[in-house]
Amino acid sequence: MHLKHVGLVWGKELLDTIRDRRTLIVMVVVPLLLMPLLVFGPNFLRISQEESKAKQAQSIAIINSQEAPKLVEMIRSDTEDPLRVVDAADPQAALLKGDIAAVLVVPQGFSQSVQSEDSSQKLVIQRDVSNSNSTAAVDKLEKILDSYRRDVVRDRLVQRGIPAEVLDPFSYQSVNVAPEQRVSGFFLSLLLPLFLVLYAAIGGAQTAIDITAGEKERGTLESLLVAPPSRTSFVLGKFLTIFTVSLAATTLSLAGFALSLTFGPQLFPNSQLFDIFKFAIGGSELALLFGMTAIVSAMMSALTFALYIWTRNFKEAQTYTTYMSFLVMIPAFAVSFMDPPTNFQAFLIPIYNATAVIKELLMGEINWTHIAITFASSAIYATIGLILANRMFNNEKVLFRQ
Amino acid sequence: MIQVTDLRKEFGDFVAVDGITFEVKSGEIFSLLGPNGAGKTTTLRMLTTIFKPTSGDIAMNGISVTREPEKVRTQLGVLAEATGLYGRLTVEENVRYFARLRDMQEDQIKQRISEIFPPLGIDEFAEKRAGNLSKGMKQKAALAIAIIHNPPVILFDEPTSGLDVMSARQVLEFIESYKKTDKTVILSTHLMHEAERLCDRIAIINKGKIAAIGTFAELQKQSGQKGLEEIFVKLVQEVSHAS
């Protein structure tokens, strides 16, 4: 094996890869743009929708409004939880049609009952649970009703000569003591490790298929096999190509994340999303995080290379990519939504270990034992993958499998 | 010079090549002629070191394919049936890539390109991506790759397969030009007229065995037939009946 040949194969494969539009999109555009969109898009839409619903005044109808003038006045004048009281000939039909968001039914003699301290009368709020506008209106109505109830109680206490303060015997507040990195790290750790590991694992898949099964299908492999360099030179050159693409895709996805969190608050100054999602990660944690994704990339590049060189054609290789994505997602998901493992044996499980370490790093924790076990075991799996790939590349039955 | 001795290749229970022996001298164009599935491509793949023989051996200018396959590959130029070009690279990039894999220096590559491209008419499309070329253009580019390093042994596997008349003619003329050199050439084909026109000697191969071997005149004598097609049919039938 000559390093010169390895470099030649690597250079040629990279040139070939960057000229392939499909691979370029998967490698550059998707991680840089789609990843932040996928992660923040739905959250952003949800929060924006909730914010706009809170500000927007939903229309509601009140049946027998004359029976609760004080309450109606409170509803009309509340600016914090704005609601618009409208007349509707058939309030229930209007509610089901979506013309109004809720109906408040006031029973006959409600005001008198309140005055006479008779609590048997019941207000009814009619809602449409399938309509988010209705949910927002009911939330506001409930807040106003709570406030009205407190006012009534306060008046009764005053009438009895009891100070209103008895209603609030003490006050409390909750204060966050976790540092900003830990808070944002917690929220980031729900998603970022999963995406990073997934990208490291399958970011180079398209290239891997192209330079293995794709070469078989196009007949270029045979031309390569009659060239003098040792098969190991081809294996290493091709492995380095897959590794480079996978690492580039992972780095770009991380960059996409960091950029969207850095510039997000400027683009959407009123969004509360960026109060919790911040890319507040220390320099050494970031370097280690990059090292972790690199070793996952190396491991998966070697293993996928061995797998794809075994496959007969492009189509078969793509089918295996789907299965492989699931295999990678299971341990990555498990870590994302669970507390990080504490026993060191867990850090021998590929993918699971790297995801757990990335999660720890995002939370600001550097556990050298976990990092060392993960790195060493992943390096061993990568070596096994490379040995397998080399054996496959030297096996005519595999290369010309029918 | 190529010496093939008792060469055999099995794929499980199937015997693709069944103990063939022949010799090709330097300066000779030798044809492996046989129907599809006769064992020609398997034999060529053993000659190119892609397949390892189950038994027997091949010596290429004295170097064994089983013991020193990497060294054998330095002696070889191969034009396979599939053109084997990288579609996203230009023709010149393809040629340069394979030349560099053969450790050629940049000035050597430049020199050879200037010798090879003009007679094949490759200059006109050297800067085009191989994926956008016609079959004929691709075959010429593949031919350039096969001979860029001026190998002493050249193997052609169905070189005119799928080509139009003009392109096929150009490729055949190119192979014919090797008659006046000291190169060792093996042409694997199922087309009688190609073998008849180009080759000094012909081996008729069927079901993994050599049915007959010799010059065209020798085969005529052996079979008692005049045309190569008749010779081929007669000799193949004889072997089929014998087995």
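Start with chain A and select helix H5 (110–115) and helix H6 (132–159): each supplies at least two residues of the lining of the second largest pocket. Helices here are DSSP runs of H or I with at least four residues, numbered from the N terminus. Keep in mind that this is a predicted model, where local features need pLDDT of at least 70, side-chain atom pairs count only at pLDDT 80 or more, and totals for chains, interfaces and linings use all residues. Residues are numbered from 1 along each chain as its sequence is written, chains are lettered from A in the order in which they are written, and side-chain values use heavy atoms, without hydrogens and water.

Stay with that pocket, which holds about 460 Å³ of space. Show Phe110(A), Val114(A), Gln121(A), Leu123(A) and Arg149(A), the closest to its centre of the 18 residues that line it. H6(A) gives the largest share of this lining, eight residues. (On a 1 Å grid over the protein atoms alone, a pocket is an open set of points where a 1.4 Å probe fits, with protein on both sides within 12 Å along at least five of seven lines; lining residues have an atom within 4 Å of a point.)

Next, the largest pocket, at about 540 Å³. Pick Glu222(A), Leu399(A), Phe400(A), Gln402(A) and Arg45(B): of 23 lining residues, these are the closest to the centre. Then colour helix H9 (213–218), helix H10 (220–225) and helix H17 (396–399) of chain A, plus helix H1 (40–47) of chain B; each supplies at least two residues of the lining.

Now for helix pairs. Select H1 (residues 3–18) of chain A and H3 (residues 91–101) of chain B, whose axes are 10 Å apart at an angle of about 165°. The two are therefore roughly antiparallel (angles over 145 degrees count as such). The contact (heavy atoms within 4.5 Å) takes in Leu8(A) and Lys12(A) on H1(A), among others, and residues including Glu93(B) and Tyr97(B) on H3(B).

Last stop: H13 (residues 283–310) and H15 (residues 352–362), both in chain A, with axes that come within 10 Å and cross at roughly 170°. Which residues of H15(A) make the contact? Look for Ala354(A), Val357(A), Ile358(A), Leu361(A) and Leu362(A).

How values were computed
Axes are lines fitted to C-alpha atoms, for helices over the stretch in contact, and angles run from 0 to 180 degrees between N-to-C directions. Angles under 35 degrees count as roughly parallel, over 145 as roughly antiparallel, 65 to 115 as roughly perpendicular and the rest as oblique. Grid points are joined across faces, edges and corners, and a volume is the space filled by probe spheres set on the points.
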